[in-house]
Amino acid sequence: MNVEIIAVGSELLLGQIANTNAKYISSQLSELGINVYYHTVVGDNSARLVEAIQIAEQRADLIIFSGGLGPTKDDLTKETIAKHLNRELIMDDMALQAIEQFFNKQNRVMTENNRKQALVLEGCDVLTNHHGMAPGMLLKEGKQLYMLLPGPPKELEPMFQFEAKPKLAALLHDGGVITSHVLRFYGIGEAELEVRVQHILDAQTNPTVAPLASDGEVTLRITAKANNEQQAYILIEDKKREILDIVGDYHYGDNDDSLASKLVEMLLENKLTIAAAESLTAGLFQSELAEISGVSSVLEGGVVTYSEQAKTMQLGISAQLINRYSVVSSECASEMALKVREKLGTDIGVGLTGVAGPGSHYDQPAGTVWIGLAIGNNPPVTHRLQLSGARNTNRLRAVKFTCSYLMRELAKLGYKK
C-alpha cells in the first residue's frame, strides 16, 4: 500500500505552524510497513485541494488528509472530498451528541456552525475523536482509501493511534499484528552504525530494520509481522540480540527512552544525588533532567556560571587556575564539578564549560566542550568534545553527551544500570 499525505491549511504554507502531523503519520505508517511516497500541503482553497486529490489518486492507494474539519468557512476538506467523490455528508449522531455535551459542560451556547463538525461522508467508518469535536473518517471508494483526520495534533495523534491504525492493520494483514521496537544509540554516527550492521540490513526480511538519525542520536526500528503479539515479540528479541552483539556499547535505551530519562532512572536506582555547574549550556542540563518525573529525588540543584567572575564568586574557583588554563579547559571543568558537588553536598557533581559558537574563545574553536564529572570520592573525570553544529545544537549535544558519559562512568564504578 502506497500513501500520500495531504495537509490542508493556509497557516502551514505561511509558515505559521510546522507540519508535524505528516511527520507523525509517516512514522506510524512505517511501523505497519506502509510506504509514504509523497507529502503535499494545500491552502484553504477548494479548487487547489481538488487538484491535489486528483494528482494523489494517480499515485497512491491511500490518501490521508489532515486538517479542515472544523466549524468555520475555511474548513472545507470534507465538503470538497464529498463533492469530488459524489458522496453525501450525513449527520453522525454520536459525534453531535459529544459536541453538545462539550458545550453544556462549558456552560456555553453552541453556535449552529458547530453542528458542521458532526457531518461525515456517507458510507464511511467513523473515527471517534476522544480529544476534540470533529470525528475522523475512513472511506473506501473503488480501489482507493481516503482517510480524514483533524488538524490539531492533540486530536490527530490519539485518533490515528487508537482508531485509524488498528483498522489499517486489519485491512493489510487479515487480523495479524505488526509490532515495532526502537533501539536508541548515542556516541556513534548514523553512517558508522549502518556500516557495522550492513549485513543485517541487506539480509532483512521479517523483521525489518530501519535506521534513523535525529538530534545527534541514532535509532534502529525493528518491525515484525506475525500472527500475534507473542510471535512478533520473539522475532524482535532475536533481532535485537543480533544487533546489540555488534553495537551494544552505544545502546542506551529503547522506544520512548531518552538519555535524560535513563540517567534519572539510574540515579534513582542507585539513590544518588546530583548537582551541576553550567557555563555554555546555561542550565540546559538541569532543564533536561527536570522534564523527567521523579527527578526531585535526585537533582539537588546547580548554578549557571557563565562568566569568569561567576565561576570565581559562586563556585570559588581560583583566578590563578583560570588564568593558567582558561575557562575552556579540562582543569576548569573538573574544578566546576568538584566545587558544585561540595557546595550542594551531592554524590555527583557535573561541570560543563566550552565554546558554543559561532566564534572562538581563548583561541579555542567553536564547538569545543569540556565535561567534568566528580563521582563520590573518586578522582574527577573529564571528557573533551569537538562539535561542529550550530550554537544551540552544540549546547544540546553537549548535554546529551554529558548524560551518556555519566552513565558510562557510573557503570564502570559498578553502579546498577
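This is a predicted model: local features need pLDDT of at least 70, side-chain atom pairs count only at pLDDT 80 or more; totals for chains, interfaces and linings use all residues.

Author: Let's start with a helix pair. Two packed helices are described by the angle between their axes and the distance between those axes. Here, the axes of helix α12 (residues 308-315) and helix α14 (residues 330-344) come within 10 Å and cross at roughly 35 degrees. The crossing of α12 past α14 is left-handed.

Reader: Which residues make the contact between α12 and α14?

Author: On the α12 side you have K311, Q314 and L315, and α14 brings C332, M336, K339, V340 and K343. Sorted by class, the contact of α12 with α14 has four nonpolar, one polar and three charged residues.

Reader: What else does α14 lie across?

Author: A set of strands: β13, β14, β15, β16 and β17, with α14 running at about 145 degrees to β15.

Reader: In what order do those strands come in the sheet?

Author: Read across, it goes β14-β13-β15-β16-β17, an open sheet of five strands with mixed pairing. The edges are β14 and β17 (381-386), each of which pairs on one side only. On average, neighbouring strands of this sheet are turned by 15 degrees against each other, direction ignored.

Reader: How does the chain get from β13 to β14?

Author: Through helix α11 (residues 284-290): β13, α11 and β14 make a right-handed β-α-β unit.

Reader: Is β13 buried or exposed?

Author: First the general idea: in a regular strand the side chains alternate between the two faces of the sheet. So look at each face in turn. For β13, I274, A276 and E278 are on one side and A275 and A277 on the other, and all are buried. Five of the five residues of β13 (residues 274-278) are buried, so this strand is largely enclosed by the rest of the structure. For the protein as a whole, 49% of the 417 residues count as buried.

Reader: Where are the cis peptide bonds you wanted to show me?

Author: Look at the omega angles. A cis bond joins N206 and P207, with omega about 10 degrees; P207 is placed in the loop between α8 (198-203) and β10 (208-214). The bond from G357 to P358 is also cis, with omega near 5 degrees, and P358 takes you back to the sheet, in the loop between β15 and β16.

Reader: And what about phi at N86 and N255?

Author: N86 has a positive phi, near 60 degrees, in a residue other than glycine. This residue lies in the loop between α4 (77-85) and β4 (89-91) and is exposed, with a relative accessible area of 72%. N255 isn't a glycine, but has a positive phi of about 50 degrees. Its loop is the one between β12 (251-254) and α10 (259-269), and N255 is partly exposed, at 32% relative accessible area.

Technical notes. Residues are numbered from 1 along each chain as its sequence is written. Side-chain values use heavy atoms; hydrogens and water are left out. Axes are lines fitted to C-alpha atoms, for helices over the stretch in contact, and angles run from 0 to 180 degrees between N-to-C directions. Helices (H or I, at least four residues) and strands (E, at least two) are DSSP runs, numbered from the N terminus. A crossing is left-handed if the near helix is turned anticlockwise from the far one by less than a right angle, and right-handed if clockwise. Contact means heavy atoms within 4.5 Å. Ala, Val, Leu, Ile, Met, Phe, Trp, Tyr, Cys and Pro count as nonpolar, Asp, Glu, Lys and Arg as charged, and the others, Gly among them, as polar. Buried means under 20% relative accessible area, exposed over 50%, partly exposed in between (1.4 Å probe, protein chains only). A crossover is right-handed if, with the strands pointing away from the viewer, the path from the first strand over the helix to the second runs clockwise. Two strands pair if DSSP finds at least two bridges between them.
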